[in-house]
Amino acid sequence: MNFKNRMLPTKLNYQFREEGYHVWCGSAFQFRGNCYFIYSRWKKDLGFAAWVTDSEICLAKADHIFGEFHHVKTLFGKDEDDRWDASCKHNPTVLKYEDKIYLYYMGNRGNGEWWNHRNNQRIGCAVASDPEGEWRRKEEPVIDVSSHGFDSLMTSNPTVTQMPDGRVLAVYKGVSKEGELPKGGPVICGVAIAEHPEGPFIKEKEPIMQNPNHPWSVEDPFIWREDGTYYSLVKDFHGYFTKTNGYSVALFESRDGIHWAPSDTPLAFTRELVYEDGQIQKVALLERPQLYFENGTPKALLCACAADENCTDTFHVRIPLK
């Protein structure tokens with residue numbers, strides 16, 4: 001697959017912002033004639049780095065994917081109790097499974113120190129019958145850390161898809177306790193599979209998508225299945241897989257969802273927005289890719305974007321697909 005050739009020019013009104021907030025990663029889906037967008041945000045006056053301490057997950061709605069989205073409500077903000085995810089909710093991604101909507105996310109509880117929150121990241125799950133109705137969060141993480149190995153320090157960046165036999169395939173980011181703390185070991189991805197969206201998820205032992213030249217391999221995966229093959233868009237920190245020698249987004253593929261390799265055309269896209277009038281905007285960050293589907297067909301690429309190096313202008317962008 002040549003993913004870059006599927007991308008069409010975008011428009012300024014395909015960008016979603018909120019006054020006073022950093023708007024970041026999100027997942028969109030259809031439900032009863034509306035298009036819903038579940039996304040993360042946090043107050044701008046806290047600074048961009050506060051995504052790890054103060055992010056909340058919100059719901060927006062539009063008539064269609066390229067319509068004007070409006071904030072509906074906050075689904076999950078800070079909790080006053082001692083839940084494992086009391087401080088922060090981030091990285092939302094949605095799976096529609098049978099008659100329910102499953103929301104996977106990163107959550108943490110920390111002491112206010114940045115690395116403490118980062119290293120307490122775990123993956124949670126919430127479920128609803130209606131996105132504007134009540135959401136039930138599981139009491140414990142669905143993908144927790146392991147006692148040892150590549151994900152023994154933290155887990156985050158969940159992405160899921162349904163397998164042909166009904167099982168749920170997950171790819172996620174992990175960091176190990178091995179290595180100098182607080183940073184820890186390599187930043188890498190792993191695989192887990194569950195019989196049901198709420199788990200339990202059984203992990204594969206070995207990590208995937210490993211850059212042999214640098215411990216910070218990949219993050220921000222998004223997986224889907226198309227024409228009998230699993231695909232993944234993933235942030236390639238150093239351009240090792242895309243052969244760009246710089247931060248870019250790579251395309252991987254897999255026959256079984258467990259063993260992954262770069263696609264024949266591994267470069268999915270770089271940090272630029274191409275507009276209908278031919279203008280090209282170079283941006284500082286273009287990450288957390290997700291796809292929006294209609295009747296099983298990818299119709300739009302969704303990305304979190306920071307226009308400037310200081311991350312003062314942050315928004316979510318929709319890019320049409322052929």
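Q: Two strands pair if DSSP finds at least two bridges between them. In this predicted model, which residue in strand 12 is the bridge partner of Val 175?
A: Strand 11 covers residues 168-175, and strand 12 covers residues 187-194. The two run antiparallel and are joined by eight bridges. In strand 12, Val 175 has as its bridge partner Val 187.

Q: Which residue in strand 22 is the bridge partner of Phe 16?
A: Another open sheet of four strands has the order 1-22-21-20, with antiparallel pairing. Its edges are strand 1 (15-16) and strand 20 (285-294). Two bridges join strand 1 to strand 22, residues 314-320. The partner of Phe 16 there is His 316.

Q: How many residues of strand 3 are buried?
A: Strand 3 spans residues 34-43 and is mostly covered. Buried means under 20% relative accessible area. Of the 10 residues in strand 3, the number buried is eight.

Q: Which residue in strand 4 is the bridge partner of Tyr 39?
A: Strand 4 covers residues 56-62. Seven bridges pair strand 4 with strand 3 in the antiparallel sense. The partner of Tyr 39 in strand 4 is Cys 58.

Q: How far apart in sequence are the parts tied together by Asp 130 and Arg 32?
A: The two side chains meet in a salt bridge, N to O at 3.4 Å. Arg 32 is in the hairpin turn, with a positive phi of about 50 degrees. Arg 32 is exposed at 68% relative accessibility, whereas Asp 130 is partly exposed at 26%. Asp 130 lies in the loop between strand 8 and strand 9 and Arg 32 in the loop between strand 2 and strand 3, so the separation is 98 residues.

Q: Which residue forms a salt bridge with Asp 54?
A: Asp 54 lies in helix 1, residues 51-54. Its relative accessible area is 25%, which means partly exposed. The closest N and O atoms of the pair are 3.5 Å apart, and the partner is Lys 78.

Q: Are Lys 173 and Glu 219 buried or exposed?
A: Lys 173 in strand 11 and Glu 219 in strand 14 are 46 residues apart. Their salt bridge has its closest N and O atoms 2.7 Å apart. Lys 173 has 10% relative accessibility, and Glu 219 has a relative accessible area of 10%. The cut-off is 20%, so Lys 173 and Glu 219 are both buried.

Q: With which side chain does the side chain of Ser 248 make a polar contact?
A: Ser 248 is found in strand 16, residues 248-254. At 2% relative accessibility, Ser 248 is buried. Beyond four places in sequence, its contacts include Val 234, Leu 267 and Phe 269. The polar contact, at 2.7 Å, is with Thr 242.

How values were computed: Residues numbered from 1 in each chain as written. Predicted model: local features only at pLDDT ≥ 70, side-chain atom pairs only at ≥ 80, totals over all residues. Heavy atoms only, no water. Buried < 20%, exposed > 50% of the residue type's maximum accessible area, 1.4 Å probe, protein only. Polar contact = N/O pair within 3.5 Å; in protein donor to acceptor, adjacent residues only side chain to side chain. Contact = heavy atoms within 4.5 Å. Salt bridge = Lys/Arg side-chain N within 4 Å of Asp/Glu carboxyl O.
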